[in-house]
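These entries record what I looked up in the structure.

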Amino acid sequence: MADRWVHLADALPDVLQSGLDVVFCGSAAGMRSAQAEAYYAGPGNRFWHVLHASGLVPVALDPSAYAQVIHYGIGLTDLAKRVSGADAALRPSDYDASLLRAKIERWAPRALAFNGKRPASLFLGKPVEYGLQSETIAETRIFTLPSTSGAARGFWDDKPWWDLAEWIRMPAKSRGS
């Protein structure tokens, strides 16, 4: 497969720590992201734009500055950490839901937001809709957002991203967590 690489270490390092508002989780690093060694680096990816436009970060960030999101209460990871490439090139064995669950239990962000239905469905083991999910990981709420990938342009809707940003800005007593 031309658009698949297997790595001896993580395709991209996690950006995680305690006290985060949200951890964004994609399927796996895309081909361009793996080459650039930066999250969401594909030319048509909307991630960095919607992060700023929704108010989740106060400044426009470039993929190469991905580690800076931690300063804004945001973390980054992927469901498949040891491979990169297009979702169609990934095998079910590439995904590690138990590892992701352990990371979320350890770092306990307020929310885990899946960048796309595919990683959310694989993690939860069922089809999902966009928005806040009924499942939680301890106190961490789970959201499913439209994929920012350029390959998913036909399914793009920024409303769930704005809803997540609004939920994060809400006082804890108002959002039920």
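Two strands count as paired if DSSP finds at least two bridges between them. The model I consulted is predicted.

Entry 1, the hairpin. I looked up how strand 5 (residues 131-137) and strand 6 (residues 140-145) are joined, and found four bridges in an antiparallel arrangement. Within this pair, Leu132 lies opposite Phe143 of strand 6. The two strands make a hairpin with two residues between them. I noted that Ala138, in the turn, has a positive phi of about 55 degrees.

Which members of the largest nonpolar core touch the most other members? Of its 51 residues, these are Phe24, Trp48, Leu51, Leu76 and Leu164. I then listed the elements that each supply at least two residues; among them are helix 2, strand 3, strand 6 and helix 5 (159-169). Strand 2 gives the largest share, six residues. For Phe24, I set aside neighbours within four places in sequence and found contacts that include Leu51, Leu76, Leu145, Trp161 and Leu164.

I located Ser54 in the loop between helix 2 (47-53) and strand 3 (74-85). Is Ser54 buried or exposed? Its relative accessible area is 1%, and because buried means under 20%, Ser54 is classed as buried. I recorded that the Ser54 side chain reaches the backbone oxygen of Val50 at 2.8 Å and the backbone oxygen of Leu51 at 3.3 Å. Not counting residues up to four places away in sequence, Ser54 touches Trp161, Trp162, Ala165 and Arg169.

Key: Residues numbered from 1 in each chain as written. Predicted model: local features only at pLDDT ≥ 70, side-chain atom pairs only at ≥ 80, totals over all residues. Heavy atoms only, no water. Buried < 20%, exposed > 50% of the residue type's maximum accessible area, 1.4 Å probe, protein only. Polar contact = N/O pair within 3.5 Å; in protein donor to acceptor, adjacent residues only side chain to side chain. Contact = heavy atoms within 4.5 Å. Core = buried A, V, L, I, M, F, W, Y, C linked by side-chain atoms within 4.5 Å.
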